[in-house]
Amino acid sequence: MPDQKPVLVFCPGAWCDPGYFKFTTDILTKAGYTCLTVSLPSVGSELKPKETPPITQGLQTDANAVRDVVIPQLDAGHDVVLVCHSYGGVVTSEAVRGLDRASRGPDTGAVIHLVYVAAILLDVGNQVWPGDGAPEHFVVDGELCWRDPNAPDMDKWLAGCNQEQLELVVASARSHVRKCFADTTTYAGWRHIPGTYVRAKKDLMPDMMAVPPEGHKFGEVVEVDADHFAFTSAPEEVAGVVRKAAEEAVSSGI
């Protein structure tokens, strides 16, 4: 039987390495949880050596990176709660195919809960950036793209962060392979695994739960007093939500 306390796996959003989870994962680690983070292959290509093979990463490559972290934990008998942010919601939804309890069976680990924090929800057959080209306020250079640091309201995405928190997010910023945003989704994990959706009150991203998607399995939709980077600007609140979700998932016996 899987261990009682699940492993927590964190999937970051676009343009970021997972370093900005630190304030939240530190709290959860002190509470006795094992916290693992995923580094998305699509992030930070500009930092790779020039002899690195051509960029081919996309949504499926990122989803496989999540699976590479999660599946060894499941095979070792640990249940997993997957926690995702922003674009990471699309990646996580794609990554959990076949990892639910019904698919895995009772005598091994499974992904027992999904926690989406200010995260994008897409149904099957959709793209992050539908249509041609990048939206406004993004800089494109070949296969890579960046957020335009001079775009209007950029500071409001981090409006709740103090100086230390702001520096952590800025230090995590990287390029992103733009193909990820044009790739079509093939799986909606939120239809198959119970979840919690966390709104950030000060977020500039559209509210994904304003009209909850049909067939979702979100048992709870909660709000935290935070900007888009809630893991950094409101770590105590987010850690509390994650811990509650994990405890309830275990007690439900899913």
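**Close-up views of a predicted model**

**View 1. Two charges over aromatic rings.** Lys5 sits over the face of Tyr33, 4.7 Å from the ring centre. Here a charge is over a ring if NZ of Lys or CZ of Arg is within 6 Å of the ring centre and within 35 degrees of the ring normal. Arg147 lies over the face of Trp157, also with 4.7 Å to the ring centre. A word on the setting: this is a predicted model, in which local features need pLDDT of at least 70 and side-chain atom pairs count only at pLDDT 80 or more, while totals for chains, interfaces and linings use all residues. Residues are numbered from 1 along each chain as its sequence is written, and side-chain values use heavy atoms, leaving out hydrogens and water.

**View 2. Aromatic pairs across the chain.** Rings of Phe, Tyr and Trp (its six-membered ring) pair if their centres lie within 6.5 Å; planes under 30 degrees apart count as stacked, over 60 as edge-to-face and the rest as tilted. By this rule there are 13 aromatic pairs. One of them joins Phe10 and Phe231 edge-to-face, at 6.2 Å centre to centre and 75° between the planes. Helices (H or I, at least four residues) and strands (E, at least two) are DSSP runs, numbered from the N terminus. Phe10 is buried at a relative accessible area of 0%, and Phe231 is buried at 0%; buried means under 20%, exposed over 50% and partly exposed in between (1.4 Å probe, protein chains only). The rings of Trp15 and Trp129 are a tilted pair, because their centres are 6.4 Å apart and their planes meet at 35°. Both of these residues, Trp15 and Trp129, are buried. Ring pairs also link Phe10, Tyr20, Phe21, Phe229 and Phe231 into a cluster.

**View 3. Ser233 and its surroundings.** Ser233 belongs to helix α7 (residues 230-233) and is buried, with a relative accessible area of 14%. Its side chain makes a polar contact of 3.0 Å with that of Asp227 (N or O atoms within 3.5 Å; within protein, one must be able to donate a hydrogen and the other to accept it, and residues adjacent in sequence count only if both atoms are side-chain atoms).

View 4. Strands β5 (residues 138-141) and β6 (residues 144-147) run antiparallel, joined by four bridges; strands pair if DSSP finds at least two bridges between them. Val140 faces Cys145 in β6. Two residues separate the strands of this hairpin, and Gly142 in the turn has a positive phi of about 65°.
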